[in-house]
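Here is a short tour for someone meeting this structure for the first time. Have a look at the model, then read on.

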Amino acid sequence: MRATGTQDHAASAPRPRLGPRVDVLETPGGVVALEPSSNHRLRIHAGPPVRGSCGVHRFVYTRGDTDVLPAGYADVWHEDDPNTSLLLELPASLVRRAAMDMGRDPDTAGLDLRHQLRDPQIEHIAWALDAERMAGHPNGLLYAESLGLALAVHLLGRCAAPARSQRGLSPQQLRRVTAYIEEHLDKNLSLERLADVAEISASHLKTLFKRSTGLPVHEYVVQRRVERAKALLARGDLPASQVAIEAGFAHQSHMARCMRRVLGVTPTALARRSPRR
């Protein structure tokens with residue numbers, strides 16, 4: 001198996017940052033294997049009809065037949081004849097961007113495995129990308145990225161993988177994170193540090209924490225700081241400026257703004273309600 005076509009213009013044309021990578025895949029017949037990739041891939045049959053088999057299943061591929069291989073998938077099959085295909089690689093970042101543009105969770109959006117899919121819109125975009133490759137990318141990055149985004153949006157609409165379970169943090173992770181927040185409310189907490197405590201990425205923490213608590217991490221921390229400030233003010237032995245510091249606010253005015261937003265009252269009003277010891 002050999003891939004040709006991309007190298008023709010590699011020196012003169014920059015790779016699109018979010019655009020698909022387009023290669024021509026020419027195989028002489030026999031066993032063909034595609035190794036797993038971190039990118040999503042489409043293989044579009046571009047030559048004369050080809051007979052072959054995958055296990056006990058016999059097939060005939062004709063021009064435009066498309067295989068969709070999600071990231072991480074490998075494929076092996078046998079071809080009776082020489083074959084020419086386009087191989088499009090869609091970066092994971094492109095599919096995430098498409099999911100966000102569609103209002104979907106980019107952490108759960110993905111593509112489903114398909115073989116011999118017939119879709120005129122996929123073909124149209126694939127041939128346009130190949131024509132751009134053969135011409136030396138005259139329209140630049142924006143054109144390729146726009147086509148790639150349109151393709152990713154269409155695939156998510158047609159070949160989206162089944163939605164993964166909308167799970168949140170595990171009980172152990174949630175306990176660790178919330179305990180760390182309580183112990184460090186007066187410190188400058190960071191999303192990266194909290195993600196380390198949960199032993200997941202920062203982007204996953206943002207998504208899973210909200211599913212578990214119903215609040216974004218930042219808003220949860222603000223509410224816990226407000227509750228601590230309320231308790232400290234109730235004690236009546238610290239000035240409001242010191243309460244703000246003990247509760248982790250940047251300054252007294254910051255505390256006052258947050259308390260008005262969360263509780264609907266000011267620190268001064270709370271202090272007046274609380275008997276001093």
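Is Cys159 buried or exposed? Cys159 is buried, with a relative accessible area of 0%. Keep in mind that what you see is a predicted model.

## The cysteines

A disulfide is a covalent bond between the sulfur atoms of two cysteines. How many disulfides turn up here? The count comes to 0.

The distances tell you why: the closest cysteine sulfur to that of Cys159 is in Cys54, and at 18 Å it is too far for a bond. Seen from the other end, Cys54 has its closest cysteine sulfur in Cys159, again 18 Å away. A disulfide would need the two sulfur atoms within 2.5 Å.

## Salt bridges

Now for the charged side chains. Across the whole structure, a search turns up 13 salt bridges. One of them pairs Asp105 with Arg211, with 2.7 Å between the closest N and O atoms. Asp105 sits in the loop between α2 (92-101) and β10 (114-117), while Arg211 belongs to helix α7 (residues 202-213), so this pair ties together parts that are 106 residues apart in sequence. Both ends are partly exposed: Asp105 has a relative accessible area of 21%, and Arg211 has 27%.

Asp119 and Arg158 form another salt bridge, and here too the closest N and O atoms are 2.7 Å apart. This pair also links distant parts of the chain: Asp119 is in the loop between β10 and α3 (120-134), Arg158 is in helix α4 (residues 140-158), and they are 39 residues apart. Asp119 counts as buried, at 5% relative accessibility, but Arg158 is partly exposed, at 37%.

Then there are Asp186 and Lys187, whose side chains meet in a salt bridge at 3.4 Å, N to O. Asp186 counts as partly exposed with 34% relative accessibility, and Lys187 does too with 45%.

## The nonpolar cores

Which residues have the most contacts inside the largest nonpolar core? They are Leu42, Val68, Leu86, Leu88, Leu90, Leu151 and Leu155, in a core of 26 residues. Strands and helices both contribute: β2 (21-27), β4 (40-45), β9 (83-90), α2, α3 and α4 each give two or more residues to this core.

Leu86 makes a handy example. Setting aside neighbours within four places in sequence, Leu86 is in contact with Val22, Asp23, Val24, Leu42, Arg43, Ile44, Ala46, Ala126, Trp127 and Asp130. There is also a second, separate core, made up of 17 residues, and among them are Ile181, Ala198, Leu208 and Phe209.

## A sheet of four strands

Next, the strands. Strands of a sheet pair through backbone hydrogen bonds, either parallel or antiparallel. In what order do the strands of the open sheet run? This sheet has 4 strands in the order β3-β8-β5-β6, and the pairing is antiparallel. At the edges stand β3 (30-34) and β6 (57-61), each with a single partner strand, so one side of each is left without a neighbour in the sheet. On average, and ignoring direction, neighbouring strands are turned by 30° against each other.

You can follow one of these pairings in detail. Strands β3 and β8 (residues 75-79) run antiparallel and are joined by 5 bridges. Within the pair, Val31 stands opposite His78 in β8.

Last, a look at the backbone. Gln116 is part of strand β10 and is partly exposed, with a relative accessible area of 28%.

His137 is another residue other than glycine with a positive phi, near 60°. You'll find His137 in the loop between α3 and α4, where it counts as partly exposed at 23% relative accessibility.

Methods
Residues are numbered from 1 along each chain as its sequence is written. This is a predicted model: local features need pLDDT of at least 70, side-chain atom pairs count only at pLDDT 80 or more; totals for chains, interfaces and linings use all residues. Side-chain values use heavy atoms; hydrogens and water are left out. A salt bridge is a side-chain nitrogen of Lys or Arg within 4 Å of a carboxyl oxygen of Asp or Glu. Buried means under 20% relative accessible area, exposed over 50%, partly exposed in between (1.4 Å probe, protein chains only). A nonpolar core is a set of buried Ala, Val, Leu, Ile, Met, Phe, Trp, Tyr and Cys residues joined through side-chain atoms within 4.5 Å. Contact means heavy atoms within 4.5 Å. Two strands pair if DSSP finds at least two bridges between them. Axes are lines fitted to C-alpha atoms, for helices over the stretch in contact, and angles run from 0 to 180 degrees between N-to-C directions.
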